[in-house]
Amino acid sequence: MTEILADLEPGILALIVVAGFAAGWVDAVVGGGGLIQLPVVLMIPGMSPVQALATNKMGSVFGTAISAATFYRRTTAPLRPALPMAAVAFCGSFGGASVAALLPAEVFKPIILAALIGVASFTVARPQAGQLERPERGRREQAVIGTLIGVCIGFYDGVLGPGTGSFLIIGMITLLGYSFLRASAQAKVVNLATNLGALLFFSLSGSLVPLLGLVLGAANMLGGYVGARSAVARGNRFIRVVFLAVVLVLIAKTGWDVYRELLL
């Protein structure tokens with residue numbers, strides 16, 4: 001697998017680094033960086049789809065780790081409540097990755113498209129959502145809801161992945177009453193766990209291209225650090241605008257995929 005990196009042309013390697021930085025920045029602010037990074041990794045000659053998924057996850061682990069640490073240092077958002085959600089999300093992602101090769105992506109894409117349209121519609125129709133913290137639910141109810149969010153979105157991240165951070169954020173805002181800033185901060189912890197769960201499965205299956213993953217990881221770390229600082233400095237309104245932009249791009253990309261598959 002080392003020959004994949006050794007045979008890369010300088011132009012493609014530069015594109016990978018740029019995509020990794022951009023994906024890290026987007027993931028740090030609202031999630032959805034896989035939409036940028038994964039297609040570029042799939043362009044690499046000799047890279048199979050499963051290898052691309054595995055290597056994409058390795059790069060994302062570095063980016064989500066640095067952005068989570070940056071949020072923890074620079075905000076008052078409590079990250080500890082996200083740990084139980086992260087634990088079940090890790091298991092869900094491992095399970096999702098184990099079936100990624102068995103189920104065609106086309107099965108999920110119409111459902112994902114409908115969910116993304118719903119997320120965008122809610123965000124536009126409720127401009128105050130996520131601007132302020134709402135009174136939280138009781139601890140037990142919050143734990144149950146957080147567990148369900150973690151399992152479902154963790155499984156989705158293991159199977160496909162793009163938009164995971166966006167789904168986490170909207171789930172925390174609508175179901176747990178978080179602000180955009182707090183939801184974005186805690187989503188990084190959960191997203192780190194989902195990336196690690198899928199990465200563990202792909203590593204055990206021998207699908208990882210480690211050197212390329214390290215290159216992606218370095219670019220993701222830099223993008224994640226810059227993105228997290230941007231989110232903290234600019235606050236809820238900035239995160240909401242970027243969130244909507246990413247969701248609309250995800251809708252366009254997923255909608256186009258569904259349309260193409262209907263024509264075939």
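Keep in mind that the model is predicted. The salt-bridge count comes to one, and that bridge joins Asp157 and Lys57. The helix pairing is between α5 and α7, whose axes come within 6 Å.

**The salt bridge**

- Side chains of opposite charge can pair when their charged atoms come close.
- Here, the side chains of Asp157 and Lys57 meet with 2.6 Å from N to O.
- Asp157 sits in helix α7 (residues 139-159) and Lys57 in helix α4 (residues 49-74), so this pair ties together parts that are 100 residues apart in sequence.
- Is Asp157 buried or exposed? Asp157 is buried, with a relative accessible area of 2%.
- Lys57 counts as buried too, with its relative accessibility at 4%.

**How α5 and α7 pack**

- Two packed helices are described by the angle between their axes and the distance between the axes.
- Helix α5 covers residues 82-99, and its axis crosses that of α7 at roughly 30°. That makes the two helices roughly parallel.
- The crossing of this pair is right-handed.

**Who touches whom**

- On the α5 side, the contact residues include Met85, Val88, Gly92 and Val99.
- On the α7 side, Gly146, Ile149, Phe155 and Val159 are among them.
- Sorted by class, the α5–α7 contact has nine nonpolar, nine polar and one charged residues.
- Asp157 turns up here as well, as one of the α7 residues that meet α5, and Asp157 is also the salt-bridge partner of Lys57.

Methods: Residues numbered from 1 in each chain as written. Predicted model: local features only at pLDDT ≥ 70, side-chain atom pairs only at ≥ 80, totals over all residues. Heavy atoms only, no water. Salt bridge = Lys/Arg side-chain N within 4 Å of Asp/Glu carboxyl O. Helix = DSSP H or I, 4+ residues; strand = E, 2+ residues; numbered from the N terminus. Buried < 20%, exposed > 50% of the residue type's maximum accessible area, 1.4 Å probe, protein only. Axes fitted to C-alpha atoms, helices over the stretch in contact; angles between N-to-C directions. Parallel < 35°, antiparallel > 145°, perpendicular 65-115°, else oblique. Left-handed = near helix turned anticlockwise from the far one by under 90°. Contact = heavy atoms within 4.5 Å. Nonpolar A, V, L, I, M, F, W, Y, C, P; charged D, E, K, R; others polar.
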